[in-house]
Amino acid sequence: MKVKGYVHKYGDNIDTDVIIPARYLNTSDVKELASRCMEGVDAEFAGKVRRGDIMAGGANFGCGSSREHAPIAIKESGVSCVIAKTFARIFYRNAINIGLPILECPEAAEEIRNGDEAEIDFDAGTVTDLTSGKRYKAEPFPDFIKEIISHGGLLNSIKGEKHE
Amino acid sequence: MPMTMTQKILAKHAGADSVTAGRLIKAKADMVLGNDITSPVAVNEFEKAGFDRVFDAKKIALVMDHFTPNKDVKAAEQCKQCREFAVKHGIEHFYDSGDVGVEHALLPEKGMVAPGELIIGADSHTCTYGALGAFSTGVGSTDMAAGMATGEAWFKVPEAIRFNLTGKLGENVSGKDVILSIIGLIGVDGALYKSMEFGGEGMGNLSIDDRLCMANMTVEAGGKNGIFEVDRVTLDYISDKVERDYEIFSPDKDAEYAGVFDIDLSGVKPTVAFPHLPGNTKTVGEIGDVKIDQVVIGSCTNGRLSDMRTAAEILKGKKTAKGVRCLVIPATQKIFLECIRLGYAEIFTEAGCVFNTPTCGPCLGGHTGVLAAGERCVATTNRNFVGRMGHKDSEVYLAGPAVAAYSAIAGKISAGE
């Protein structure tokens, strides 16, 4: 699988309160959540993001609350993949569990610039900055996590097991 | 292979003799927790996936604490959805306004967590129960849905950082100052994916409330869980709360750690985390003149009876500064009632504080005390991210109950000196 899009780049410690402020968590409606995505750090994000775009962050991306509304808002806003130097652990598992592709790739997260066009090849485990022409190697997923992703999320994967 | 305390609990719940760091396991949960924000998403996913029964109606807790008493129609609808799910599946531990408390104060108080147990919760501060020698960690709503259906969760076995405690806390210094200073030391991702394991001779000088507060904030250092060894203080605390059998685990003497820190409790000073990260700490003397508009004393971090006592003793016979709103929110109904019985409610009210029933409320900018642009708040809560308590141009300063109470009187950040 490959995805391609323009990069929206943010810094270190992007927390779940800036991804989706708690005052909007009185709903689980995904469209409403997406319309507020990144409001705390980039008020224009929801208006400018296009389907397939890529989000890049620094260290400890997604730190803070366990709210799954955060990866849901990012996924629903059309983002095809989040790359970061490191992810906070609850955000990491939530993204996997709901089927939002994420990759730890410190070099790419550091060097790719805001607005660059990038392509991610999940099978090859590469991130390519099409604007600069540079290619980066990402950490591949362990098999256990590939299994969850191939089923389209955790619950489908559990259902699959029960049927086997 | 020697194991850390967390690894032993995970091995037991995975049905394995031993586990090593990095291994992916499936483990059985003794309790699956959700609140009024995360449970609706879990219920949707549970039903969408076609599950028709929960794994054990006695081992699920649904705690309506974040936006309750319902702050608006949407919040009310979310609680209603949870209530209907609880009734349909016979969930024993459903709590709403009237019997609710802030979840991580409520579960220990009700004896719902015990040493050696494994608890997952769709709330990041689920790591609080490590104070009792349990493995507990925050997960998302999908994990919660899977947990409600199967009673299991997947984990990557973590390495641990060991904190050896010595000495005794000084006056007006609490567990909050200890954990803030540790986060300041190792950083907000200093324990990323790792356990933070606490032990040592100084541990016996920390109350359960201090330990609950410290374990609570291990997630602010990126930790997967915080865990304290079990001692007399733990056993005294649970003696009138937990009737079922439980197992006490201790780390192996030769367990390997990713890092070891020696913390002398007698050297910990009143500590404040400045905006906008819990690791952005300064100690008393480095703070300068920071005028404030609001004080919040409460939350799953510092809304327990000892926190109320600390604040009440400082506020007794005093008035909050003009222009400062001071909100006192005991974390559970039981603590609320104790505050009335012990005269704290009167002290707070006479000092000019708002004294409120349990809710997470302002901690996450939900309701009952949200900030306007440019306003500053000293809070005994756990996060001071941009916009956490309201407007994105407001500021939150994290501190313990003593600094919060002194600041309410002074109208600026103060440790009372």
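Is A:Met38 buried or exposed, and what is its relative accessible area? The legends below refer to a predicted model, and the first of them takes up this residue.

Figure 1. A:Met38 is buried, and its relative accessible area is 0%. Buried here means under 20% relative accessible area, so the value for A:Met38 falls in that class.

Figure 2. Phi of B:Asn172 is near 60°, which is a positive value in a residue other than glycine. B:Asn172 counts as partly exposed, with a relative accessibility of 31%.

**Figure 3. Two cis peptide bonds in chain B.** One cis peptide bond joins B:Thr68 and B:Pro69, with omega at about -10°. B:Pro69 belongs to the loop between strand E3 (60-63) and helix H3 (73-89) of chain B. Another cis peptide bond joins B:Pro275 and B:His276, and its omega is about 0°. In this case B:His276 lies in the loop between strand E12 (271-273) and strand E13 (281-283) of chain B.

**Figure 4. Helix H2 of chain B and the glycine just after it.** Helix H2 of chain B covers residues 38-48. Several of its residues are buried, including B:Thr38, B:Ser39, B:Pro40 and B:Val41. B:Ala42, B:Val43 and B:Phe46 are buried as well. Just after this helix, B:Gly50 takes a positive phi of about 85°.

**Figure 5. B:Glu417 in the segment after helix H13 of chain B.** Helix H13 spans residues 401-410, and B:Glu417 lies in the segment that follows. B:Glu417 is exposed, with a relative accessible area of 83%. The view also includes B:Val284, which is 133 residues away from B:Glu417 along the chain. The C-alpha atoms of these two residues are separated by 9.1 Å.

**Figure 6. The interface between chain B and chain A.** The size of an interface is often given as the accessible area lost when the parts come together. Chain B and chain A bury about 3,800 Å² between them, and 58% of this area is on carbon and sulfur atoms. B:Thr142, B:Trp154 and B:Tyr193 supply 18% of the area that chain B buries against chain A, more than any other three residues. In terms of contacts, 50 residues of chain B meet 44 residues of chain A.

Figure 7. The secondary structure of chain A comes to 8 helices and 7 strands. Its radius of gyration is 15 Å, close to the 15 Å that the globule rule gives for 164 residues, so chain A is as compact as a globular protein of that length. The C-alpha atoms fill a box of roughly 45 × 40 × 25 Å along the principal axes. Of the 164 residues of chain A, 61% count as buried. Among contacts in chain A between residues at least 6 apart in sequence, 66% join residues at least 24 apart. Chain A carries 21 positive and 26 negative side chains, and the centres of the two sets lie 2 Å apart.

Definitions and conventions: Residues numbered from 1 in each chain as written. Chains lettered and ligands numbered in written order. Predicted model: local features only at pLDDT ≥ 70, side-chain atom pairs only at ≥ 80, totals over all residues. Heavy atoms only, no water. Helix = DSSP H or I, 4+ residues; strand = E, 2+ residues; numbered from the N terminus. Buried < 20%, exposed > 50% of the residue type's maximum accessible area, 1.4 Å probe, protein only. Rg over C-alpha atoms; globule rule 2.2 N^0.38 Å. Contact = heavy atoms within 4.5 Å. Lys, Arg positive; Asp, Glu negative; His and termini not counted. Charge placed at Lys NZ, Arg CZ, Asp CG, Glu CD. Buried area = accessible area lost by both parts, 1.4 Å probe.
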